[in-house]
Amino acid sequence: MMETNFDYAVLYKTFSRLFKDKLDLTMIELSGNGKQPEAPFIAFDIISPRIPNNYLEDDAVFESVVSFTVYAKKKLQALNLSNQMRLLLRSTASNKRFFENNITLVEIMATQPRYVEETNNYAYMYGFDVRLRLKETYVDEGIGTIEIIDYKEK
């Protein structure tokens, strides 16, 4: 039996490069270690890592939901950047990068405010989720199938 596995770092690298190259925004992992960059920046999270397309759980094509949240010092800046990101994801250049990395954009969900009410709010947040169709990038052939057994009695 063939073992399959998807390298989720591909998602981070693909989106991170896209947003840096086209919008000059830094993307970080949500709740990741390290110091937060200066706003505005994007937080990335994988909400649903593996949604099967059919009843066969080991299918090499599956879907995933990822989340993008823009942190900015002004509410309108966060909203505008979030909308620019949505437009960028639909562009021809983005589709070319997605194709190169076995990613298909299925759906971009609605933009929503994403902040917790606090007394000293340091940034405003707007974001959206994206549904992707992914294809396995790593295949482990393992030991393969045993076809011949040579049994000799001593």
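Good morning, colleagues. The model is predicted, so local features need pLDDT of at least 70, side-chain atom pairs count only at pLDDT 80 or more, and totals for chains, interfaces and linings use all residues. Residues are numbered from 1 along each chain as its sequence is written, and side-chain values use heavy atoms, with hydrogens and water left out.

Let me begin with the overall layout. The chain holds 3 helices and 8 strands; here helices are DSSP runs of H or I with at least four residues, strands are runs of E with at least two, and both are numbered from the N terminus. Read from the N terminus, the order of elements is β-α-β-β-β-α-α-β-β-β-β. Of the 154 residues in the chain, 31% are buried, where buried means under 20% relative accessible area, exposed means over 50%, and partly exposed lies in between, with a 1.4 Å probe and protein chains only. Among contacts (heavy atoms within 4.5 Å) between residues at least 6 apart in sequence, 64% join residues at least 24 apart.

I turn now to helix α1, residues 9-23. What span should its 15 residues have at 1.5 Å a residue? They should span 21 Å, and the end C-alpha atoms of α1 are 21 Å apart, which agrees; the expected span is 1.5 Å times one less than the number of residues. The buried residues of α1 are V10, L11, T14, F15, S16, L18 and F19.

How does α1 meet its partners? Its axis and that of helix α2 (residues 75-89) come within 11 Å and cross at roughly 110 degrees. That makes α1 roughly perpendicular to α2. Axes are lines fitted to C-alpha atoms, for helices over the stretch in contact, and angles run from 0 to 180 degrees between N-to-C directions. Angles under 35 degrees count as roughly parallel, over 145 as roughly antiparallel, 65 to 115 as roughly perpendicular and the rest as oblique. On the α1 side F15, L18, F19, K22 and L23 take part, and they meet Q84, M85, L88 and L89 in α2. These residues divide into 7 nonpolar, 1 polar and 1 charged. In this scheme Ala, Val, Leu, Ile, Met, Phe, Trp, Tyr, Cys and Pro are nonpolar, Asp, Glu, Lys and Arg are charged, and the others, Gly among them, are polar.

With helix α3 (residues 92-100), the axis of α1 comes within 11 Å and crosses at roughly 155 degrees. That makes α1 roughly antiparallel to α3. Here T14, F15, R17, L18, D21 and K22 in α1 meet A93, S94, R97 and F98 in α3. This contact divides into 4 nonpolar, 2 polar and 4 charged residues.

Finally, the loops. Most residues other than glycine have a negative phi, and most peptide bonds are trans. D24, which follows α1, has a positive phi near 55 degrees. D24 lies in the loop between α1 and β2 and counts as exposed, at 56% relative accessibility. N102, in the loop between α3 and β5, has a positive phi near 60 degrees and is partly exposed at 34%. The peptide bond from A39 to P40 is cis, with omega near 5 degrees; P40 sits in the loop between β2 (27-29) and β3 (41-52).

Thank you for your attention.
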